[in-house]
Amino acid sequence: MPQTQPGIEDFLLRQLRHPQEEEEEEDYFDYFYDEPGSEPGTLSIEPDAPPSRIVLVDYSPSHAVRKSDISPNALRPYLGTNTVSWMDIEGLGSEEVLKEVGEIFKLHPLLLEDIVNVPQRAKVEDYNDHVMVIAHRVRPNREEDGFESEQVSFVLGKRYLLTFQEGHIIDCFNPLRERIRTNQGKVCQQGADYLCYLLIDMLIDEYFPLLEDYEERIEALEDTIIRNPNSSLMEEIYHIRRELLALRRLIWPLRHVMNVLLRDTTNSIVTADVRIYFRDCYDHIIQVLDIIEAYRELASSLMEVYMTAMSNKMNEVMKFLTVISTIFIPLTFIAGVYGMNFKEMPELNSRWGYYITWIVMLLIAGGSLYFFWRKGWLSPSYDLGEK
(Lines give C-alpha, C1' and ligand atoms only; values in the text may rest on other atoms or scores of the structure.)
Protein backbone atom coordinates (compact mmCIF):
# COMPACT_ATOMS: atom_id res chain seq x y z
CA MET A 1 0.00 0.00 0.00
CA PRO A 2 1.52 3.39 -0.99
CA GLN A 3 2.61 5.56 1.92
CA THR A 4 1.31 9.10 2.37
CA GLN A 5 3.62 12.01 3.13
CA PRO A 6 3.32 13.29 6.75
CA GLY A 7 0.85 16.13 6.86
CA ILE A 8 -1.17 15.16 3.78
CA GLU A 9 -2.92 12.37 5.65
CA ASP A 10 -3.68 14.66 8.61
CA PHE A 11 -5.02 17.36 6.28
CA LEU A 12 -7.27 14.92 4.43
CA LEU A 13 -8.60 13.56 7.72
CA ARG A 14 -9.46 17.08 8.88
CA GLN A 15 -11.29 17.72 5.63
CA LEU A 16 -13.34 14.55 6.14
CA ARG A 17 -14.12 15.38 9.74
CA HIS A 18 -15.14 19.00 9.03
CA PRO A 19 -16.98 19.10 5.68
CA GLN A 20 -18.75 22.33 6.68
CA GLU A 21 -15.47 24.21 6.28
CA GLU A 22 -15.35 23.06 2.65
CA GLU A 23 -18.87 24.38 2.10
CA GLU A 24 -17.85 27.78 3.47
CA GLU A 25 -14.91 27.87 1.06
CA GLU A 26 -17.26 27.36 -1.87
CA ASP A 27 -18.81 30.76 -1.15
CA TYR A 28 -15.87 32.29 -3.02
CA PHE A 29 -17.01 30.60 -6.23
CA ASP A 30 -20.80 30.75 -6.13
CA TYR A 31 -22.60 33.09 -8.52
CA PHE A 32 -26.31 33.75 -8.26
CA TYR A 33 -28.58 31.46 -10.23
CA ASP A 34 -32.33 31.64 -10.73
CA GLU A 35 -34.60 29.07 -9.20
CA PRO A 36 -35.95 26.65 -11.83
CA GLY A 37 -39.27 27.92 -13.19
CA SER A 38 -38.91 31.46 -11.78
CA GLU A 39 -40.23 34.34 -13.87
CA PRO A 40 -37.59 36.42 -15.71
CA GLY A 41 -36.96 39.71 -13.97
CA THR A 42 -37.70 38.38 -10.47
CA LEU A 43 -35.78 40.28 -7.79
CA SER A 44 -34.36 38.15 -4.99
CA ILE A 45 -33.57 40.43 -2.06
CA GLU A 46 -31.15 38.96 0.45
CA PRO A 47 -32.46 38.97 4.05
CA ASP A 48 -29.36 40.75 5.35
CA ALA A 49 -29.21 43.31 2.52
CA PRO A 50 -28.93 46.90 3.85
CA PRO A 51 -31.82 49.25 3.00
CA SER A 52 -31.33 51.30 -0.15
CA ARG A 53 -29.97 54.83 0.27
CA ILE A 54 -29.65 57.29 -2.62
CA VAL A 55 -26.83 59.83 -2.87
CA LEU A 56 -27.02 62.34 -5.74
CA VAL A 57 -24.12 64.35 -7.12
CA ASP A 58 -24.98 66.75 -9.94
CA TYR A 59 -22.15 68.79 -11.42
CA SER A 60 -20.91 70.88 -14.30
CA PRO A 61 -17.70 72.86 -14.85
CA SER A 62 -19.16 75.74 -12.82
CA HIS A 63 -21.04 74.08 -9.95
CA ALA A 64 -21.57 70.86 -7.98
CA VAL A 65 -24.55 69.80 -5.87
CA ARG A 66 -24.71 66.86 -3.47
CA LYS A 67 -27.87 65.49 -1.90
CA SER A 68 -28.07 62.49 0.42
CA ASP A 69 -30.92 60.23 1.49
CA ILE A 70 -33.33 61.41 -1.19
CA SER A 71 -36.32 59.60 -2.65
CA PRO A 72 -36.35 58.16 -6.18
CA ASN A 73 -38.87 60.81 -7.29
CA ALA A 74 -36.29 63.49 -6.49
CA LEU A 75 -34.17 62.13 -9.34
CA ARG A 76 -36.68 62.93 -12.09
CA PRO A 77 -35.70 66.62 -12.56
CA TYR A 78 -32.14 65.59 -13.34
CA LEU A 79 -32.98 63.43 -16.35
CA GLY A 80 -33.21 66.21 -18.91
CA THR A 81 -30.51 68.60 -17.71
CA ASN A 82 -27.24 69.49 -19.42
CA THR A 83 -25.28 68.70 -16.26
CA VAL A 84 -23.83 65.33 -15.30
CA SER A 85 -25.87 63.50 -12.67
CA TRP A 86 -24.40 60.70 -10.61
CA MET A 87 -26.94 58.71 -8.61
CA ASP A 88 -25.40 56.23 -6.20
CA ILE A 89 -27.74 53.66 -4.63
CA GLU A 90 -26.08 52.12 -1.55
CA GLY A 91 -27.75 48.94 -0.36
CA LEU A 92 -30.01 46.53 -2.24
CA GLY A 93 -32.49 45.79 0.50
CA SER A 94 -35.42 48.03 -0.55
CA GLU A 95 -37.28 46.42 -3.43
CA GLU A 96 -39.74 49.31 -3.86
CA VAL A 97 -36.94 51.87 -4.15
CA LEU A 98 -35.06 49.76 -6.69
CA LYS A 99 -38.14 49.17 -8.80
CA GLU A 100 -39.00 52.86 -8.73
CA VAL A 101 -35.50 53.79 -9.86
CA GLY A 102 -35.81 51.23 -12.65
CA GLU A 103 -39.13 52.75 -13.72
CA ILE A 104 -37.77 56.32 -13.75
CA PHE A 105 -34.74 55.43 -15.86
CA LYS A 106 -36.62 52.82 -17.95
CA LEU A 107 -34.34 49.98 -16.97
CA HIS A 108 -35.15 46.61 -18.47
CA PRO A 109 -36.38 44.04 -15.89
CA LEU A 110 -33.52 41.70 -16.79
CA LEU A 111 -31.04 44.52 -16.24
CA LEU A 112 -32.51 45.24 -12.82
CA GLU A 113 -32.44 41.53 -12.03
CA ASP A 114 -28.69 41.36 -12.75
CA ILE A 115 -28.13 44.36 -10.48
CA VAL A 116 -30.15 43.09 -7.52
CA ASN A 117 -29.57 39.32 -7.66
CA VAL A 118 -25.95 39.24 -6.56
CA PRO A 119 -23.32 38.09 -7.18
CA GLN A 120 -23.18 38.12 -10.97
CA ARG A 121 -20.25 37.56 -13.28
CA ALA A 122 -18.58 40.76 -14.48
CA LYS A 123 -20.11 41.73 -17.83
CA VAL A 124 -21.23 44.58 -20.07
CA GLU A 125 -24.55 44.87 -21.92
CA ASP A 126 -25.76 47.53 -24.33
CA TYR A 127 -29.41 48.63 -24.02
CA ASN A 128 -29.25 51.37 -26.71
CA ASP A 129 -30.11 54.25 -24.35
CA HIS A 130 -27.73 53.10 -21.65
CA VAL A 131 -24.95 50.62 -21.00
CA MET A 132 -24.77 48.31 -17.99
CA VAL A 133 -21.42 47.26 -16.51
CA ILE A 134 -21.03 44.84 -13.61
CA ALA A 135 -17.74 44.73 -11.68
CA HIS A 136 -16.56 43.71 -8.23
CA ARG A 137 -14.62 45.49 -5.55
CA VAL A 138 -12.46 43.69 -3.02
CA ARG A 139 -10.69 44.47 0.21
CA PRO A 140 -8.74 42.45 2.82
CA ASN A 141 -10.79 40.79 5.51
CA ARG A 142 -9.65 42.48 8.72
CA GLU A 143 -11.10 39.84 11.05
CA GLU A 144 -9.42 36.84 9.43
CA ASP A 145 -7.25 35.93 6.47
CA GLY A 146 -8.74 36.20 3.00
CA PHE A 147 -10.80 38.92 1.41
CA GLU A 148 -14.37 40.08 1.01
CA SER A 149 -15.93 41.17 -2.25
CA GLU A 150 -18.95 43.17 -3.32
CA GLN A 151 -20.70 43.67 -6.63
CA VAL A 152 -20.87 47.19 -8.03
CA SER A 153 -23.18 47.81 -11.00
CA PHE A 154 -23.06 50.77 -13.38
CA VAL A 155 -25.80 52.06 -15.67
CA LEU A 156 -24.30 54.67 -17.96
CA GLY A 157 -26.49 57.07 -19.92
CA LYS A 158 -25.73 60.14 -21.99
CA ARG A 159 -25.74 62.60 -19.09
CA TYR A 160 -26.17 60.39 -16.06
CA LEU A 161 -24.58 57.49 -14.25
CA LEU A 162 -26.33 55.10 -11.89
CA THR A 163 -24.20 53.05 -9.49
CA PHE A 164 -25.53 50.27 -7.29
CA GLN A 165 -23.53 49.04 -4.31
CA GLU A 166 -24.41 46.13 -2.07
CA GLY A 167 -23.52 48.23 0.96
CA HIS A 168 -21.73 45.54 2.98
CA ILE A 169 -18.33 47.21 2.53
CA ILE A 170 -17.49 50.80 3.41
CA ASP A 171 -18.16 53.15 0.49
CA CYS A 172 -14.94 53.89 -1.42
CA PHE A 173 -16.41 56.59 -3.67
CA ASN A 174 -16.30 59.46 -1.14
CA PRO A 175 -12.84 60.68 -2.28
CA LEU A 176 -14.19 61.13 -5.81
CA ARG A 177 -17.27 62.97 -4.51
CA GLU A 178 -14.93 65.30 -2.64
CA ARG A 179 -12.91 65.91 -5.81
CA ILE A 180 -16.10 66.84 -7.64
CA ARG A 181 -17.20 69.14 -4.81
CA THR A 182 -13.88 71.00 -4.80
CA ASN A 183 -13.60 70.87 -8.63
CA GLN A 184 -10.22 69.13 -8.56
CA GLY A 185 -8.87 67.49 -11.69
CA LYS A 186 -10.82 67.43 -14.92
CA VAL A 187 -13.74 65.25 -13.86
CA CYS A 188 -16.09 68.26 -13.82
CA GLN A 189 -15.08 69.14 -17.38
CA GLN A 190 -15.89 65.65 -18.68
CA GLY A 191 -19.08 63.68 -19.19
CA ALA A 192 -20.68 60.75 -17.42
CA ASP A 193 -18.58 58.23 -19.36
CA TYR A 194 -15.38 59.69 -17.89
CA LEU A 195 -16.93 59.46 -14.42
CA CYS A 196 -17.70 55.80 -15.08
CA TYR A 197 -14.08 55.22 -16.07
CA LEU A 198 -12.83 56.81 -12.84
CA LEU A 199 -15.07 54.64 -10.69
CA ILE A 200 -14.11 51.41 -12.47
CA ASP A 201 -10.45 52.36 -12.22
CA MET A 202 -10.88 52.84 -8.46
CA LEU A 203 -12.34 49.34 -8.15
CA ILE A 204 -9.45 47.80 -10.09
CA ASP A 205 -6.86 49.69 -8.03
CA GLU A 206 -8.26 48.10 -4.85
CA TYR A 207 -6.84 44.76 -6.00
CA PHE A 208 -3.22 45.90 -5.63
CA PRO A 209 -3.17 46.44 -1.81
CA LEU A 210 -4.92 43.09 -1.42
CA LEU A 211 -2.29 41.36 -3.54
CA GLU A 212 0.44 42.95 -1.41
CA ASP A 213 -1.14 41.27 1.61
CA TYR A 214 -0.99 37.94 -0.20
CA GLU A 215 2.67 38.53 -1.00
CA GLU A 216 3.40 39.03 2.71
CA ARG A 217 1.39 35.92 3.64
CA ILE A 218 3.22 33.78 1.09
CA GLU A 219 6.66 35.02 2.25
CA ALA A 220 5.80 34.45 5.91
CA LEU A 221 4.45 31.01 5.10
CA GLU A 222 7.59 30.08 3.19
CA ASP A 223 9.79 31.06 6.15
CA THR A 224 7.60 29.05 8.53
CA ILE A 225 7.71 25.99 6.28
CA ILE A 226 11.52 26.04 6.20
CA ARG A 227 11.97 26.78 9.92
CA ASN A 228 9.24 24.62 11.46
CA PRO A 229 7.23 22.53 8.98
CA ASN A 230 4.02 21.02 10.35
CA SER A 231 0.81 19.57 8.95
CA SER A 232 -1.27 22.75 9.56
CA LEU A 233 0.79 24.65 6.98
CA MET A 234 -0.59 22.53 4.15
CA GLU A 235 -4.08 23.74 5.00
CA GLU A 236 -2.88 27.34 4.86
CA ILE A 237 -1.34 26.73 1.42
CA TYR A 238 -4.64 25.23 0.28
CA HIS A 239 -6.59 28.29 1.46
CA ILE A 240 -4.23 30.73 -0.28
CA ARG A 241 -4.48 28.86 -3.57
CA ARG A 242 -8.28 28.85 -3.42
CA GLU A 243 -8.45 32.54 -2.53
CA LEU A 244 -6.15 33.47 -5.40
CA LEU A 245 -8.30 31.39 -7.74
CA ALA A 246 -11.37 33.25 -6.49
CA LEU A 247 -9.65 36.59 -7.15
CA ARG A 248 -8.82 35.47 -10.65
CA ARG A 249 -12.45 34.53 -11.27
CA LEU A 250 -13.53 38.01 -10.19
CA ILE A 251 -11.09 39.98 -12.33
CA TRP A 252 -10.81 37.73 -15.41
CA PRO A 253 -14.26 38.54 -16.93
CA LEU A 254 -13.59 42.25 -16.45
CA ARG A 255 -10.92 42.02 -19.14
CA HIS A 256 -13.64 41.16 -21.66
CA VAL A 257 -15.71 44.09 -20.38
CA MET A 258 -12.86 46.50 -21.09
CA ASN A 259 -12.34 44.95 -24.52
CA VAL A 260 -15.97 45.62 -25.42
CA LEU A 261 -15.84 49.22 -24.18
CA LEU A 262 -12.61 49.76 -26.12
CA ARG A 263 -13.64 48.27 -29.45
CA ASP A 264 -17.35 48.94 -29.70
CA THR A 265 -17.21 52.11 -31.79
CA THR A 266 -20.94 51.90 -32.58
CA ASN A 267 -21.78 52.85 -29.01
CA SER A 268 -22.28 56.63 -28.83
CA ILE A 269 -22.59 56.73 -25.03
CA VAL A 270 -18.85 56.13 -24.55
CA THR A 271 -17.02 58.79 -26.55
CA ALA A 272 -13.81 58.18 -28.45
CA ASP A 273 -11.83 60.45 -26.10
CA VAL A 274 -12.89 58.48 -23.03
CA ARG A 275 -12.51 55.12 -24.75
CA ILE A 276 -8.75 55.65 -24.64
CA TYR A 277 -8.89 55.88 -20.83
CA PHE A 278 -10.46 52.44 -20.62
CA ARG A 279 -7.26 51.15 -22.19
CA ASP A 280 -5.57 52.14 -18.92
CA CYS A 281 -8.10 50.01 -17.01
CA TYR A 282 -7.35 47.12 -19.33
CA ASP A 283 -3.62 47.45 -18.63
CA HIS A 284 -4.25 47.43 -14.88
CA ILE A 285 -6.38 44.30 -15.20
CA ILE A 286 -3.56 42.55 -17.08
CA GLN A 287 -1.14 43.57 -14.31
CA VAL A 288 -3.47 42.17 -11.65
CA LEU A 289 -3.87 38.90 -13.56
CA ASP A 290 -0.10 38.57 -14.00
CA ILE A 291 0.47 39.10 -10.27
CA ILE A 292 -2.24 36.60 -9.36
CA GLU A 293 -0.75 33.98 -11.68
CA ALA A 294 2.71 34.58 -10.21
CA TYR A 295 1.39 34.17 -6.67
CA ARG A 296 -0.51 31.02 -7.63
CA GLU A 297 2.72 29.52 -8.95
CA LEU A 298 4.48 30.53 -5.73
CA ALA A 299 1.70 28.92 -3.69
CA SER A 300 2.04 25.75 -5.74
CA SER A 301 5.80 25.74 -5.25
CA LEU A 302 5.23 26.09 -1.49
CA MET A 303 3.68 22.64 -1.60
CA GLU A 304 6.95 21.26 -2.98
CA VAL A 305 8.91 23.21 -0.37
CA TYR A 306 6.67 21.73 2.32
CA MET A 307 7.24 18.18 1.06
CA THR A 308 11.00 18.78 0.95
CA ALA A 309 11.03 20.30 4.44
CA MET A 310 9.00 17.39 5.86
CA SER A 311 11.38 14.91 4.20
CA ASN A 312 14.38 16.73 5.65
CA LYS A 313 12.71 16.75 9.05
CA MET A 314 12.10 13.03 8.79
CA ASN A 315 15.74 12.51 7.74
CA GLU A 316 16.92 14.43 10.82
CA VAL A 317 14.81 12.21 13.06
CA MET A 318 16.08 9.06 11.36
CA LYS A 319 19.67 10.28 11.64
CA PHE A 320 19.27 10.92 15.35
CA LEU A 321 17.75 7.49 15.92
CA THR A 322 20.53 5.88 13.87
CA VAL A 323 23.20 7.59 16.00
CA ILE A 324 21.54 6.37 19.19
CA SER A 325 21.24 2.85 17.78
CA THR A 326 24.88 2.84 16.66
CA ILE A 327 26.05 3.86 20.12
CA PHE A 328 24.05 1.14 21.83
CA ILE A 329 24.96 -1.70 19.47
CA PRO A 330 28.42 -2.36 21.05
CA LEU A 331 27.04 -1.69 24.52
CA THR A 332 24.28 -4.20 23.94
CA PHE A 333 26.86 -6.72 22.70
CA ILE A 334 28.96 -6.37 25.85
CA ALA A 335 25.92 -6.58 28.11
CA GLY A 336 24.72 -9.63 26.18
CA VAL A 337 28.05 -11.44 26.45
CA TYR A 338 28.33 -10.99 30.21
CA GLY A 339 24.68 -11.74 30.68
CA MET A 340 25.14 -15.35 29.51
CA ASN A 341 24.83 -17.94 32.26
CA PHE A 342 28.05 -19.92 31.70
CA LYS A 343 29.99 -21.22 34.69
CA GLU A 344 33.45 -20.66 33.23
CA MET A 345 33.63 -16.89 32.70
CA PRO A 346 36.82 -15.59 34.39
CA GLU A 347 35.69 -11.95 34.37
CA LEU A 348 32.69 -12.78 36.53
CA ASN A 349 34.96 -13.71 39.43
CA SER A 350 37.16 -10.63 39.03
CA ARG A 351 36.97 -8.11 41.85
CA TRP A 352 37.10 -5.16 39.43
CA GLY A 353 35.22 -6.76 36.53
CA TYR A 354 31.97 -4.82 37.05
CA TYR A 355 33.73 -1.45 37.19
CA ILE A 356 36.01 -2.26 34.27
CA THR A 357 32.97 -3.20 32.17
CA TRP A 358 31.32 0.12 32.95
CA ILE A 359 34.46 2.05 32.10
CA VAL A 360 34.81 0.21 28.78
CA MET A 361 31.14 0.86 27.90
CA LEU A 362 31.41 4.55 28.77
CA LEU A 363 34.60 4.88 26.72
CA ILE A 364 32.90 3.24 23.74
CA ALA A 365 29.86 5.52 24.04
CA GLY A 366 32.00 8.63 24.51
CA GLY A 367 34.29 7.71 21.63
CA SER A 368 31.34 7.11 19.36
CA LEU A 369 29.81 10.47 20.27
CA TYR A 370 33.14 12.23 19.65
CA PHE A 371 33.50 10.51 16.28
CA PHE A 372 29.96 11.49 15.23
CA TRP A 373 30.53 15.06 16.41
CA ARG A 374 33.75 15.35 14.38
CA LYS A 375 31.89 14.08 11.35
CA GLY A 376 29.15 16.69 11.90
CA TRP A 377 26.44 14.09 12.23
CA LEU A 378 25.08 15.48 15.51
CA SER A 379 24.13 18.91 14.11
CA PRO A 380 21.12 19.62 11.83
CA SER A 381 21.74 19.46 8.10
CA TYR A 382 20.37 23.00 7.69
CA ASP A 383 19.57 25.80 10.11
CA LEU A 384 17.95 29.06 8.93
CA GLY A 385 16.95 30.23 12.38
CA GLU A 386 19.45 33.09 12.47
CA LYS A 387 19.16 34.17 8.83
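Colleague: How much accessible surface does the protein chain have, and what share belongs to carbon and sulfur atoms?
Modeller: About 22,000 Å², with 54% of that on carbon and sulfur atoms. Accessible areas come from the Shrake-Rupley method with a 1.4 Å probe, and for residues only the protein chains shown count as cover. This is a predicted model, where local features need pLDDT of at least 70 and side-chain atom pairs count only at pLDDT 80 or more, while totals for chains, interfaces and linings use all residues. Residues are numbered from 1 along each chain as its sequence is written, and side-chain values use heavy atoms, with hydrogens and water left out.

Colleague: And what percentage of the residues is buried?
Modeller: Of the 387 residues in the protein chain, 40% are buried. Buried means under 20% relative accessible area, exposed means over 50%, and partly exposed is in between (1.4 Å probe, protein chains only).

Colleague: How many helices and strands are there?
Modeller: Ten helices and seven strands. Both are DSSP runs numbered from the N terminus: H or I with at least four residues for helices, E with at least two for strands.

Colleague: What about contacts between residues at least 6 apart in sequence, how many of those join residues at least 24 apart?
Modeller: 71% of them do. Contact here means heavy atoms within 4.5 Å.

Colleague: OK, helix packing. At what angle do α7 and α9 pack?
Modeller: α7 (residues 207-227) and α9 (residues 272-337) pack at about 10°, and their axes are 10 Å apart. That makes α7 roughly parallel to α9. On the terms: axes are lines fitted to C-alpha atoms, for helices over the stretch in contact, and angles run from 0 to 180 degrees between N-to-C directions. Under 35 degrees counts as roughly parallel, over 145 as roughly antiparallel, 65 to 115 as roughly perpendicular, and the rest as oblique.

Colleague: Is that crossing left-handed or right-handed?
Modeller: The α7 and α9 crossing is left-handed. A crossing gets that label if the near helix is turned anticlockwise from the far one by less than a right angle, and right-handed if clockwise.

Colleague: Which residues make the contact?
Modeller: From α7 they include Phe208, Leu211, Ile218 and Ile225, and from α9 they include Val288, Ile291, Tyr295 and Leu302. By class, the α7 and α9 contact has 17 nonpolar, two polar and two charged residues. Ala, Val, Leu, Ile, Met, Phe, Trp, Tyr, Cys and Pro count as nonpolar, Asp, Glu, Lys and Arg as charged, and the others, Gly among them, as polar.

Colleague: How do α9 and α10 cross?
Modeller: Their axes come within 10 Å and cross at roughly 160°, with α10 covering residues 353-375. That makes α9 roughly antiparallel to α10. α9 passes α10 in a right-handed crossing. Among the residues in contact are Val323, Ile327 and Leu331 of α9, and Met361, Ile364 and Phe372 of α10. By class, the α9 and α10 contact has eleven nonpolar, three polar and no charged residues.

Colleague: Switching to α4: why is it called largely enclosed?
Modeller: Six of the eight residues of α4 (residues 109-116) are buried, so the rest of the structure largely encloses that helix. The buried ones are Leu111, Leu112, Glu113, Asp114, Ile115 and Val116.

Colleague: What do they pack against?
Modeller: The buried residues of α4 pack against α3 (95-104) plus the strands β4 (123-126), β5 (131-140), β6 (147-156) and β7 (160-165).

Colleague: Last one: where is Lys186, and what is in contact with Lys186 beyond its neighbours within four places in sequence?
Modeller: Lys186 is in the loop between α5 and α6. Leaving those neighbours aside, Lys186 is in contact with Tyr194 and Tyr277. At 36% relative accessibility, Lys186 counts as partly exposed.
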